[in-house]
Amino acid sequence: MSTAAKKMNSAQAINLALHDAMALDESVVVLGEDIADREGGGVFKCTAGLSTKFGTGRVKSTPIAEQAIVGAAVGGALAGLRPVAEIMLMNFTTVAMDQIVNHAAKLRFMTGGQTHVPLVIRTTTGAGFGTGGQHADYLEAWFAHTAGLKVVAPATPADAYGLMLSCIFDDDPCIFIENLPLYFVPGEAPEPGVRVPIGKARIVQEGSDITLISYSKTLHDVIGVAKELAKEGIAAEVIDLRTISPLDMDTILASARKTGRVVVAHEAQVDFGVGAEISARLHKELFGQLKAPVARVGAARSPVPFSKPLEAAFVPTRERILAAIRETLN
Amino acid sequence: MSETQQPSKAVLLDIYRIATLIKRADDRFIELIKAGQIASPYYSPRGQELIPAAISVNLKASDYVVTTYRGIHDQLAKGIPLKPFVAELLGRATGTCKGKGGPMHVTHVASGLPVTTGIVGAGLPIANGLAWASQLKGTDQVTVVNFGDGASNIGAFHEALNLAAVWKLPVLFVCQNNGYAEHTKYEYGTGAATIADRAIGYGIPGVEVDGNDAVAMWQAASAAVARARAGEGPTLLEANTFRFRGHLMGDDSHYIAKDEMAAAIAADPLPRFRAWLIAQGHASDGQLSDIEATNAAAFEEAVEYALASPYPDVSELAKDVVAEGAQA
């Protein structure tokens, strides 16, 4: 069986990337709640084996104290480490926003370039497991709104691996958004050591009729919808952003120029979201050339609900994505 | 270290030199603002000079000091070079941060001053990270993080002390307790009888000291620095002091009773320390005047340098947001 044919899920890919980065560079350190093997190697096992292999000096379980976690990562980064901080769930980043937004993002600028903060904040999220209102939000727009932060959201195990390596060895703070349901979905295994560049989208499939832009878990729904469209003879171009900030506008614009129709779909709220930013940029650059307004599909304008039928309706369903596509095509 | 250990004459004179340099800087900066030569928010440390002066003589160049928007005393004590320091206060391109930090955020990495935060309490968790790096690398560096009494009521304080205790980090948590959190008197905002008492909750030493007494302050700081350097873990040091010039320049301290303020000013630690040095035979009046004159001349040279320096070019807005060459 060749390497390329091997399968791996995203949790395993992230684990492998952390192993590879720590083996490559001893300044790479990992911290977070329950991440060491004594505590189980992380609640989702993404850090399993690291403390056994690299020691509890470089792989540190922490108290439940997100400000202390991100603060220690910021200080470590200032002193020459490359910390990877796990904030177990994206909603918990709210507890550490001061350290992320006021410090990690700004210290390079505020010190006039004397310092920089090469850290990664790994965090997972996403509806689907009935975790309700405070464990499943997609908050990427908040971070993308802040100058000085990079925001990535891989959709496949290979991209999770390659982007993790890029983020760890990037000299600026990166918010690394993982998706909880995707942890368990197998995909093509990454090539060892191959980094996926930050700021580069991937064209999943080419097409000339409409451009579908997505990332993270919603990408898989968009791909499913694109397959349905193909049966009707509609050729959709599907773009996986992979990085939210900085946006790969070259890829987005080239595709939008070709198709003239764009739908953006993500699991985050629609209002003031990533889709709004892409839409604004497209309308500025291609005003008069677009054949239809850019459409956006996202979560319902509500907190993430618990009850199964509500949760199923909350996320951008294939039906809603398809409806937005049909409206854009007509 | 024994309680009775005394600082040498050379150390005492160095403390005096640093403390009076801080006072000179504070006086002149306020004059410049009042004269309209600078427009800037400013948080004066007048009255608190002896604390960083007595700590800094125990530190190495490679040690870290983290401080706050009320931080010029901590920066000067750590040895920040005067010309780029004043230029930063004035927002000039020749400042330590190219004018992008300003009086609330002066940093100078080469002097061991990597973080000066404008967010109350935020320096403490970051200090842990600096100390963690030192611990991992096996250096004997110590990290000192300064904050006020008000910061002991924010969550970051508690998270940071707990983590430092669990990880046994080489950190000195220095609470410069000036009795007021912005405009709120200590007892109206803080439940604990002393800040030092709060150390009990984290299983680390909590030491209360008169921050206006150079010798006591030096003794407490040298013990805590030695403990951190030896790998024995963090200390919470509460240095009691007073803030003479309000929270923010322009604040008339109306919330401080007149007799309380008058008593504090009458007990100004700097003239007291000066008289004590002379009375103890450590220095003559003339020697101390020479130190003051040398400080004043050096600071004036820095002011002239800063005033003659250009402002940063607006192109700086696009620089240092992310690494050069990377897309922001």
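A: Domain bounds here come from an automatic or database domain assignment. For chain A, that assignment gives domain 1 (3–188) and domain 2 (202–329).

Q: What kind of model is it, and how are things numbered?
A: It is a predicted model, where local features need pLDDT of at least 70, side-chain atom pairs count only at pLDDT 80 or more, and totals for chains, interfaces and linings use all residues. Residues are numbered from 1 along each chain as its sequence is written, while chains are lettered from A and ligands numbered from 1 in the order in which they are written.

Q: What does chain B average for pLDDT?
A: Chain B averages 96, and 99% of the residues score at least 70. pLDDT is the predictor's confidence in each residue, from 0 to 100. For the complex, the predictor gives an ipTM of 0.96 and a pTM of 0.96.

Q: Back to chain A. How far apart are the C-alpha centres of domain 1 and domain 2?
A: They lie 26 Å apart. In contact are 24 residues of domain 1 and 24 residues of domain 2. Contact means that the C-beta atoms of two residues, placed from the backbone, lie within 7 Å.

Q: Which elements of domain 1 give two or more residues to that side?
A: Helix H6 (140–144), strand S6 (150–152), helix H7 (157–168) and strand S7 (174–179) of chain A. Helices (H or I, at least four residues) and strands (E, at least two) are DSSP runs, numbered from the N terminus. The domain 1 side divides into 15 nonpolar, five polar and four charged residues. Ala, Val, Leu, Ile, Met, Phe, Trp, Tyr, Cys and Pro count as nonpolar, Asp, Glu, Lys and Arg as charged, and the others, Gly among them, as polar.

Q: Now the two chains. How many residues of chain B are in contact with chain A?
A: 37 residues of chain B are in contact with 37 residues of chain A. On the chain B side, H5(B) gives the most, with ten residues. That side has 22 nonpolar, ten polar and five charged residues.

Q: What about helix H11 of chain B, how long is its reach?
A: Helix H11 (residues 285–308) of chain B has 24 residues and reaches 35 Å from its first C-alpha to its last, close to the 34 Å expected at 1.5 Å a residue. The expected span is 1.5 Å times one less than the number of residues.

Q: Which residues of H11(B) are buried?
A: B:Leu288, B:Ile291, B:Asn295, B:Phe299, B:Ala302, B:Val303 and B:Ala306. A residue is buried if 20 or more other C-beta atoms lie within 10 Å of its own, exposed if 12 or fewer, and partly exposed in between, with C-beta atoms placed from the backbone. The buried residues of H11(B) pack against helix H1 (9–34), helix H4 (82–89) and helix H10 (269–279) of chain B.

Q: Is B:Gly250 buried or exposed?
A: B:Gly250 is exposed, because 10 other C-beta atoms lie within 10 Å. B:Gly250 lies in the loop between strand S8 (235–240) and helix H9 (258–266) of chain B.

Q: Backbone next. Where is the cis peptide bond?
A: It joins A:Ser245 and A:Pro246, with omega about 0 degrees. A:Pro246 lies in the loop between strand S12 (243–245) and helix H9 (249–259) of chain A.

Q: And what is phi of A:Lys45?
A: A:Lys45 has a positive phi of about 65 degrees, although it is not a glycine. A:Lys45 counts as partly exposed, with 15 C-beta neighbours inside 10 Å.
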